[in-house]
Amino acid sequence: MTQDRTEMSEDDDDNSQSPPLDLRSAAIADHCSSSSSSTPNKSRNCMALNSQTFPDHVLENVLENVLQFLDSRCDRNAASLVCKSWWRVEALTRSEVFIGNCYALSPTRLTQRFKRVKSLLLKGKPRFADFNLMPPDWGANFAPWVSTMAKAYPWLEKVDLKRMFVTDDDLALLADSFPGFKELILVCCEGFGTSGIAIVANKCRKLKVLDLIESEVTDDGVDWISCFPEGVTSLESLAFDCVEAPINFEALEGLVGRSPFLKKLRLNRLVSLEELHRLLLGAPQLTSLGTGSFSHDNAPQSEQEPDYAAAFRACKSVVCLSGFRDLMPEYLPSILPVCSNLTSLNFSYANISPDMFKPIIHNCHRLQVFWALDSICDEGLQAVAATCKELRELRIFPFDPREESEGPVSELGLQAISEGCRNLESILYFCQRMTNAAVIAMSENCPELTVFRLCIMGRHRPDHVTGKPMDEGFGAIVKNCKKLTRLAISGLLTDQAFRYMGEHGKLIRTLSVAFAGDSDMALRHVLEGCPRLQKLEIRDSPFGDVALRCGMHRYYNMRFVWMSACPLSKGCCKDVARAMPNLVVEVIGSDDDDDNRDYVETLYMYRSLDGPRNDVPKFVTIL
Amino acid sequence: MDPRNREICPKLLDLIPQGRKWYQEEKINNTDQEKKLELRLGPPGGDEDQSTMKKINIETRNNMKQQQQQQNIKKESEDKSFHCFNGNHFSPSNKTTYVPQKRTAPGPVVGWPPVRSFRKNLASTSSSKLGNESSHGDQINKSDGGEKQVEPKKEGMFVKINMDSVPIGRKVDLNAYNSYEQLSFAVDKLFRGLLAAQRDISGGEGEEKPIIGLLDGKGEFTLTYEDNEGDKMLVGDVPWQMFVSSVKRLRVIKSSEISSSLTFGCSKQEKKIRH
């Protein structure tokens with residue numbers, strides 16, 4: 001077992017760990033795969049318990065029966081490192097594979113090691129790509145994966161992709177190649193359209209889950225809802241709130257009507273309130289509902305309006321509510337009947353004022369997950385703190401995401417939440433004004449915090465009461481929140497903040513830094529002090545070559561490092577690349593005309609078992 | 001090349017002094033000064049404009065690097081100035097129209113605040129009138145943060161849009177949208193009521209019907225535009241960004257009249273001549 005292989009802990013929402021193959025087991029992989037077709041000599045060397053095959057078989061049968069109960073990736077990875085025999089059996093019994101970086105290995109390596117995969121979770125682009133920091137067509141193509149798996153895993157049931165580029169052809173191949181296919185989940189993906197979805201809907205007869213989440217879906221004009229086959233479906237979850245294309249409502253209504261197992265339904269913006277009403281009447285068994293536009297299609301009716309509240313009252317099982325894409329606030333009270341059952345509520349597309357919000361939230365005693373816009377103001381947050389004692393996750397997004405906007409939420413809201421919601425585990429908070437005192441208070445009141453992401457939208461903003469940097473606040477978070485695994489920092493921050501992080505942030509796996517720090521020492525503190533660090537994303541901070549070199553002992557144990565608009569030189573990056581052959585060092589955005597230019601615009605580096613990728617676009621240079 | 005860029009280049013290089021002094025000089029509220037100091041980067045393989053900008057970047061960044069390596073401790077103002085060079089990635093920061101109210105920092109920066117594009121258009125697409133009101137005019141500063149396109153965007157790009165049979169035109173901000181689909185929804189929103197009202201007046205059905213099929217020729221109406229060369233074009237052929245950079249005005253025409261749209265330009269010019 002490698003000495004420096006750190007124990008993997010669970011991330012907040014994405015259970016991320018190192019790729020299933022570490023460098024040692026890669027060597028084992030090669031060795032064993034060659035032995036299976038092999039000469040007897042080799043197989044004897046390979047098996048520790050050799051010469052008699054009988055005990056081997058027994059052991060392996062036992063192992064197989066035991067290992068199939070192991071679900072956790074962490075446990076499976078550990079088991080696979082015990083010895084070659086265990087490695088082999090584990091590889092045969094692993095049915096769900098998680099790959100945190102699609103470029104960490106090639107699809108062929110996956111199919112060579114794991115033979116019976118039913119479910120794949122694959123992640124592509126780094127998160128900063130969502131914020132326009134990476135040119136389009138960078139990569140993360142699903143195509144090579146689907147074509148390799150089409151041959152290797154005909155029994156594949158589930159594909160869950162995040163930030164991948166997926167084409168309609170890929171979806172067509174998927175639909176054709178996997179007759180038992182059950183679950184397709186596409187999060188933050190792009191490259192496909194309604195025609196691809198239509199093919200999946202039509203050909204995957206056992207489809208249970210079709211979730212399109214925050215993805216860009218081209219409107220090809222295809223009526224994909226009508227493409228679901230006739231007859232009763234196995235659909236349990238259908239989410240298309242990100243699809244910006246009109247829906248054939250009659251077809252949707254028919255589909256919902258013949259999907260008795262449907263529990264989760266997320267409508268898009270183009271489904272009106274009246275249509276929602278009709279759907280609810282036909283599907284009272286729903287547990288998770290995305291309400292679509294929540295506004296009227298037509299001009300206000302003079303006739304009797306549908307009784308929306310009654311429809312909601314009939315949905316006794318709804319525990320998760322979202323949507324409200326074009327909310328007409330006067331209809332918001334219709335959801336009151338379900339509020340007391342809600343464990344999850346997403347208002348983050350709705351511009352709701354405190355006055356409209358308070359009567360609603362007062363009923364949501366069971367709420368655990370709450371997402372909203374800052375339009376609810378500090379006042380709204382105080383109402384949340386007063387009622388939602390079980391709150392675990394809070395996300396407050398800016399209605400007006402500009403640096404100079406007014407900012408209706410502040411340290412007051414944060415303080416109130418920290419006092420009222422002691423079980424808080426995860427927070428994402430956009431604001432314009434913050435104080436160290438409020439952040440410190442949260443660190444003391446909410447010891448269960450695992451995710452703390454504070455975005456003070458004005459760059460380099462200090463504590464607005466004391467004028468000091470936000471070092472003490474974030475310092476308190478890393479000091480007091482002993483379970484913290486994910487941290488995103490903002491505001492005016494000096495090297496001191498990073499010193500705190502290096503000293504106390506022992507469990508941090510994901511760190512997001514922007515416009516922070518004074519010098520290389522800051523990054524050095526983190527690279528030397530945070531042994532669990534897996535994902536590091538930095539932008540516009542004064543960390544240069546010296547800092548980069550400080551992390552060389554860590555980069556093989558990390559999933560990736562992103563540094564953009566930092567004073568790095570190409571020479572240093574080349575040195576790192578040379579010193580670490582299994583690290584792919586990408587420099588993105590280099591000017592083709594000027595290869596001599598030493599400055600590095602964006603550095604994205606990650607460990608890889610199969611070397612540099614073969615689909616590198618023009619604007620990427622691999623050192 | 002844009003004359004404005006020419007004007008900026010020499011001045012920018014002139015402004016890079018040797019010592020630390022210029023950091024203090026940075027603390028000005030003068031927009032001109034900021035304009036000069038704003039560097040832009042276009043996408044790789046971009047046009048001439050951007051390569052010039054990049055060359056400026058190289059020199060200043062090398063200077064910055066040297067200066068930076070000399071000092072470990074930076075004051076806040078220095079940070080700001082440093083970041084004013086580094087804050088711009090794949091799209092030019094805003095230039096002329098933005099004037100910071102409270103801060104001396106330069107204009108909005110790409111991808112900051114880190115909000116995904118579909119959350120950025122809330123103020124424009126939301127029909128709700130409560131809470132903080134953000135009018136279309138405020139979209140000036142939204143254009144280059146968090147959206148998935150990478151190419152440069154101008155801020156607040158309002159173009160006229162007219163619809164057949166509706167006498168009153170409207171204006172639409174193309175920078176508020178990322179795709180043709182979003183634009184076609186916006187057209188529906190802008191004109192649905194007006195169209196219904198117009199039909200009501202002329203004795204037809206006054207009921208509001210959604211305006212759909214603008215892009216595929218299947219609807220009653222089709223969206224067309226006039227490009228920078230004065231030609232009438234069907235919307236949807238070229239990539240979105242290319243469209244945005246060449247469109248001058250929009251027109252929603254009856255699909256049945258597509259063949260006669262060839263003479264549309266002529267009749268428009270005739271009208272102009274008559275006036």
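**Exercise 1: The sheet of chain B**

B:F221 stands opposite B:K254 in β5(B). The model is predicted, with local features requiring pLDDT of at least 70 and side-chain atom pairs pLDDT 80 or more, while totals for chains, interfaces and linings use all residues. Residues are numbered from 1 along each chain as written, chains are lettered from A and ligands numbered from 1 in written order, and side-chain values use heavy atoms, without hydrogens and water.

Solution. 
1. Strands are DSSP runs of E with at least two residues, and helices are runs of H or I with at least four, numbered from the N terminus. Two strands pair if DSSP finds at least two bridges between them.
2. The open sheet has five strands in the order β2-β1-β5-β3-β4 (chain B), with mixed pairing.

**Exercise 2: Two helices of chain A**

Task: identify which residues make the contact of α4(A) with α5(A).

Solution. 
1. The axes (lines fitted to C-alpha atoms, for helices over the stretch in contact; angles from 0 to 180 degrees between N-to-C directions) of α4 (73–80) and α5 (84–93) of chain A come within 8 Å and cross at roughly 145 degrees.
2. With contact meaning heavy atoms within 4.5 Å, α4(A) contributes A:R76, A:A79 and A:S80, and α5(A) contributes A:W86, A:W87, A:E90 and A:T93.
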